[in-house]
Amino acid sequence: MKILVTGGAGFIGSHLVDALVRRGHKVRVLDNLEEQVHHGEKPDYLHPGAEYLWGDVRDRRLLSKALRGIEILFHEAACVGVGQSMYQIDKYVDNNTRSASILLDMIVNKKLPIQKMVVASSMSIYGEGAYRCADCGPVFPSVRPEEQLRRRQWEMLCPRCRKPLEPQPTAEEKPLAPTSVYAITKRDHEELFLTVGRAYRIPTVALRYFNVYGPRQNLSNPYTGVCAIFSARIKNNNPPLIFEDGLQSRDFVHVSDIVQANLLVMKNHRADGQAFNVGTGHSTSILEIARTLGRLYGNDIDPEIPKRFRAGDIRHCYAEISKLRAIGFQPTVKLKDGLRQLVQWGQHVAAKDEVQKAASELETRGLTRG
Ligand code: UD1
């Protein structure tokens with residue numbers, strides 16, 4: 001098949017490109033080599049068997065060239081800094097939402113023969129995860145009130161009876177409640193693709209990635225996920241900086257399982273027209289991530305826990321994955337093996353620690369508080 005992967009030079013996109021080329025597909029990549037991620041250089045892992053077009057999805061001329069002859073589209077390109085999206089609002093909406101709209105506009109108005117579209121969505125669109133109250137039953141609470149966080153009462157409380165809640169796996173039916181501009185643009189991605197796909201009978205799938213980690217994650221980008229950020233801190237002999245008390249938790253999913261999910265829905269017609277969680281179904285605390293990475297890098301540096309919090313951060317969210325399992329998905333990488341792999345790779349790549357700079361940016365804008 002002739003396949004276009006937007007964002008195919010990035011962390012997730014590049015692993016997907018490798019897998020598609022290995023399976024004999026003709027793969028084209030459209031990627032703008034975002035400065036914040038690539039620092040003006042082409043990454044050394046680009047697959048020689050793929051064709052690369054360098055530029056922006058919003059460049060209609062280039063996009064038209066990129067889409068020529070394409071049968072399957074994977075849209076992975078996006079700006080991914082959640083905190084940064086709260087002050088570069090226009091940049092994030094323009095890069096993310098408008099790129100998706102231009103892509104779809106071109107596909108339907110030029111009547112391009114696309115047979116399948118798969119779009120990268122995100123767990124961020126849920127906001128808080130699902131919970132259960134021992135007395136009141138299942139609840140989908142909104143973010144914790146500011147005055148609760150100021151009292152350093154970190155755990156979620158039942159909105160009805162105020163008892164502490166028990167985190168539950170979050171299923172696709174949970175009402176969406178994005179808490180950042182980034183998350184809103186990801187919801188836009190998902191809804192634009194699924195709606196247009198349905199109207200024009202183009203089989204389309206949205207994959208809600210949970211917290212993805214693995215080799216090729218940019219360790220010098222302080223706006224990315226926590227495993228990369230902690231790696232940069234530890235490698236530079238600085239303590240990981242932990243928000244809240246470190247007992248907040250996430251579902252960390254290895255990039256190879258994200259690739260597995262993409263390949264699965266590409267071929268499986270039962271997936272069409274739907275959104276799926278892609279996670280492991282397990283949750284891990286941020287403190288445990290910091291300690292494990294410290295141990296694996298051979299630097300047991302104690303994390304710093306100043307008990308501050310980020311605006312819009314959720315407390316717990318992990319995936320219910322039975323919907324994707326039902327069509328054959330099976331997470332294969334255990335967290336401790338995956339983190340070991342990340343560290344083995346991370347030991348040999350440069351990691352500039354810009355975390356303090358990014359933290360100060362949030363702090364001056366009042367987006368971290370305590
Ligand atoms: C967010 C997005 C997710 C995206 C990810 C990486 C939400 C709900 N989800 O996830 O879609 O894939 O960013 O861009 O918006 N933390 C620290 N110290 C740090 C950095 C983070 O303690 O230096 C904590 C955060 O407060 C949070 C947890 O680690 O509690 C995870 O943070 P992060 O990796 O940024 O991901 P999410 O906020 O879960």
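A: Happy to. A polar side-chain atom of Ser-122 lies 2.6 Å from an oxygen atom of the ligand, as a polar contact, meaning a pair of N or O atoms within 3.5 Å. Val-226 takes part through its backbone, with an N or O atom 2.7 Å from a ligand oxygen. From Gln-248, a polar side-chain atom lies 3.3 Å from an oxygen atom of the ligand. Taken alone, the ligand exposes 740 Å², and the protein buries 92% of that (accessible areas by the Shrake-Rupley method with a 1.4 Å probe).

A word on the basis: this is a predicted model, where local features need pLDDT of at least 70 and side-chain atom pairs count only at pLDDT 80 or more, while totals for chains, interfaces and linings use all residues. Residues are numbered from 1 along each chain as its sequence is written, and side-chain values use heavy atoms, with hydrogens and water left out.

Now the wider shell. Around the ligand there are 19 residues, of which Ser-122, Val-226, Leu-241, Arg-250 and Asp-313 come nearest; a residue counts as near if one of its heavy atoms lies within 4 Å. By class, the shell holds 11 nonpolar, 5 polar and 3 charged residues (Ala, Val, Leu, Ile, Met, Phe, Trp, Tyr, Cys and Pro count as nonpolar, Asp, Glu, Lys and Arg as charged, and the others, Gly among them, as polar). Helix α7, residues 226–235, gives the most to this shell, with 3 residues; helices here are DSSP runs (H or I) of at least four residues, numbered from the N terminus.

Terms used
Polar contact = N/O pair within 3.5 Å; in protein donor to acceptor, adjacent residues only side chain to side chain. Helix = DSSP H or I, 4+ residues; strand = E, 2+ residues; numbered from the N terminus.
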